[in-house]
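Student: Hi! Could you show me how to read the features of a protein model?

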Amino acid sequence: TGLRAKKFSAEELLKDCLAVVAEKDKNLNAFISLDKEGALLAARTVDKKLADGEELPLLAGIPVGVKDLINTRGLKTTCASPFLRDFVPPYDATVVEKLKAEHMVMIGKTNLDEFACGGSCEHSCFGPTRNPYDLSRVAGGSSGGSAAALAADMCTYSIGTDTGGSIRCPASFCGIYGMKVTYGRVSRSGVTALASSWDTVGNFGRSVDDIA
């Protein structure tokens, strides 16, 4: 609502998030990679459209972190594994396509247990993600980077995957909200599976309203 009311711009909102990333992520390790240039371009595009009076979707201009096992065309998708450390997908996952259609501003790709195999976000080749409320504690997993990034105000919402608690547990550990949607409700095309007959793509928010 603040963006639509022009209390701040999408670019200002993004830069606030990036400033938090610069301050906190060296300790939290919530992000594996950032896409500052892509995010800035997306934010400026939204600001131009709003200035021109265009009606935009609810998520337009809102900074998001995306779990790094969800394909992003032209941007590394590592699954937190040394085997895919330099893998750049040739196509977007369906969920990323849909978010791009909403004019998302993607800050970057978030940390996870390697190939989503873990419940603490400690088993990543890029190092563990720490809990933003207590660095001696884990953020939960496998979507710990997405949860920690949101809880630490590095983004406004985030995307993860859940097989047996990989959204719900880190949401609980980090004091935010997370939802595992009904199996099949969200396409998993372009998402590296832990167990394809169970996996779902879901989201984190600071409130039930944000999740909705």
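Student: Which residue just after helix 1 takes a positive phi?

Tutor: Asn29, at about 60°. Before we go on, note that this is a predicted model, where local features need pLDDT of at least 70, side-chain atom pairs count only at pLDDT 80 or more, and totals for chains, interfaces and linings use all residues. Residues are numbered from 1 along each chain as its sequence is written, and side-chain values use heavy atoms, with hydrogens and water left out.

Student: And what counts as a helix or a strand?

Tutor: They're DSSP runs, numbered from the N terminus: helices are H or I with at least four residues, strands are E with at least two. Look at helix 3 (residues 94–101): just after helix 3, His103 takes a positive phi of about 65°.

Student: Where is the kink in helix 1 centred?

Tutor: A bend at a residue is the angle between axes fitted to the seven residues ending there and the seven starting there. In helix 1 there's a kink of about 40°, centred on Ala22.

Student: Which residues of helix 1 are buried?

Tutor: Buried means under 20% relative accessible area, exposed over 50%, and partly exposed in between (1.4 Å probe, protein chains only). In helix 1 the buried ones include Leu13, Leu14, Glu11 and Asp25. Contact means heavy atoms within 4.5 Å, and the buried residues of helix 1 pack against elements including helix 2 (36–51) and strand 3 (105–110).

Student: How many residues are in the largest nonpolar core?

Tutor: Such a core is a set of buried Ala, Val, Leu, Ile, Met, Phe, Trp, Tyr and Cys residues joined through side-chain atoms within 4.5 Å. The largest one here has 54 residues, and those with the most contacts inside it are Ile70, Met154, Ile159 and Ile176. Helix 1 (residues 10–28) gives the most to this core, with eight residues. As for Ile176, leaving aside neighbours within four places in sequence, its contacts include Phe204 and Leu150.

Student: Why is strand 3 largely enclosed?

Tutor: Because six of its six residues are buried.

Student: Which way do its partners run, parallel or antiparallel?

Tutor: Two strands pair if DSSP finds at least two bridges between them. Strand 1 is joined to strand 3 by three bridges and runs antiparallel to it, with Leu34 opposite Gly108. Strand 2 is joined to strand 3 by five bridges and runs parallel; there, Val64 has Met106 as its bridge partner.
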